[in-house]
Amino acid sequence: YKTLIELLSKNPKFSDILKLENSILSTIIEMERNGIMIDSVRFKRLEQSLTNKKEILKNGIFQDVGHEFNINSPKQVADVLYLEKKLPVNKKTKGGALSTDEITLRKLLGSDPIIQKLMDFREVDKLLSTYVRSLPGYVDNDGRIHSIFDQFGAVSGRFSSRNPNMQNIPKEEIQGINLRNVFVTGDDSIFVSFDYSQQELRILAALSGEKEMIDSFNNSLDIHKLTASELFDVKLDEVTDSQRR
């Protein structure tokens, strides 16, 4: 600590950064100590519902194919799609294997009902493994998750979150489920969200001098909507949510 402080104090720029980071430290500690509460009853119901849905999807896929196989094996899925069902090959992996990644499956949508079933199965499986079954393991004795917020966890200068990553909870509905609904305040408090709107893009506009970007920010336009309007050649007020995303 003493060595680092001495090095930092010799450089005014580093000294300013140190003051800036120290000024927020007490807030970070408070965030970590407070934690966030989850509705454990709702979580258990969610797990049961998704487990049932996964089983139904799996059986539907097996019924469609006519036999059982390992749905989590890209090789076995590829054999079913390309050798048995004779679906068109759009892509191969670097190793030369037939691809079954999400982009490839999306291109095959409509060619066979099994494609949508496979995509739904993977979504449900990911929800279960990444969030629903893992997050409760981080719940402390007080019923809260105490994530670590790292001031230097991202090269962009943004905070990162780990054990678990609380900044990675999907905000949109997946399979009709909004995962953020399982997080509760547990008292008379409320959730409040603050966000500096398009910080990096504003800096990019200023540094590049790109007129259309600068004008859009100065006129409080939605930069993503404007980009989608240009990309998809539609009027600004006709841009859909999915196009904006």
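Lys86 sits in the loop that links H4 and H5; helices here are DSSP runs of H or I with at least four residues, strands are E runs of at least two, and both are numbered from the N terminus. Its phi is near 60 degrees, a positive value in a residue other than glycine. Lys86 is also exposed, at 63% relative accessible area, where exposed means over 50%, buried under 20% and partly exposed in between (1.4 Å probe, protein chains only).

A quick word on what you're looking at: this is a predicted model, in which local features need pLDDT of at least 70 and side-chain atom pairs count only at pLDDT 80 or more, while totals for chains, interfaces and linings use all residues. Residues are numbered from 1 along each chain as its sequence is written, and side-chain values use heavy atoms, with hydrogens and water left out.

Lys92 lies in the loop between helix H4 (74–84) and helix H5 (102–107). What does Lys92 touch, if residues up to four places away in sequence are not counted? Its partners are Ala97, Leu98 and Ser99, with contact meaning heavy atoms within 4.5 Å. Lys117 belongs to helix H6 (residues 113–132), and with the same exclusion of residues up to four places away in sequence, it touches Leu57, Gly60, Ile61 and Asp64.

| Residue | Relative accessibility | Class |
|---|---|---|
| Lys86 | 63% | exposed |
| Lys92 | 53% | exposed |
| Lys117 | 27% | partly exposed |
| Ser220 | 67% | exposed |

Ser220 is another residue other than glycine with a positive phi, near 55 degrees. You'll find Ser220 in the loop between helix H8 (211–218) and helix H9 (223–232). Pro164 is in the loop between strand E4 (160–162) and E5.

Now for the strands. E2, E1 and E5 line up in that order as an open sheet of 3 strands with antiparallel pairing; two strands pair if DSSP finds at least two bridges between them. Strand E2 (144–145) and strand E5 (183–184) are the edges, each pairing on one side only. Strand E1 (residues 36–38) pairs with E2 over 2 bridges, in the antiparallel sense, and Ile36 stands opposite Ile145 in E2.

Stepping back, the protein chain has 10 helices and 5 strands. How does its radius of gyration sit against the globule rule? The chain has 24 Å, whereas a compact globule of 245 residues would come out near 18 Å (taken over C-alpha atoms; the rule is 2.2 Å times the number of residues to the power 0.38). The C-alpha trace spans about 70 × 55 × 40 Å along its principal axes.

Of the 245 residues, 27% count as buried. Among contacts with a separation of 6 or more, 47% come from residues 24 or more positions apart.
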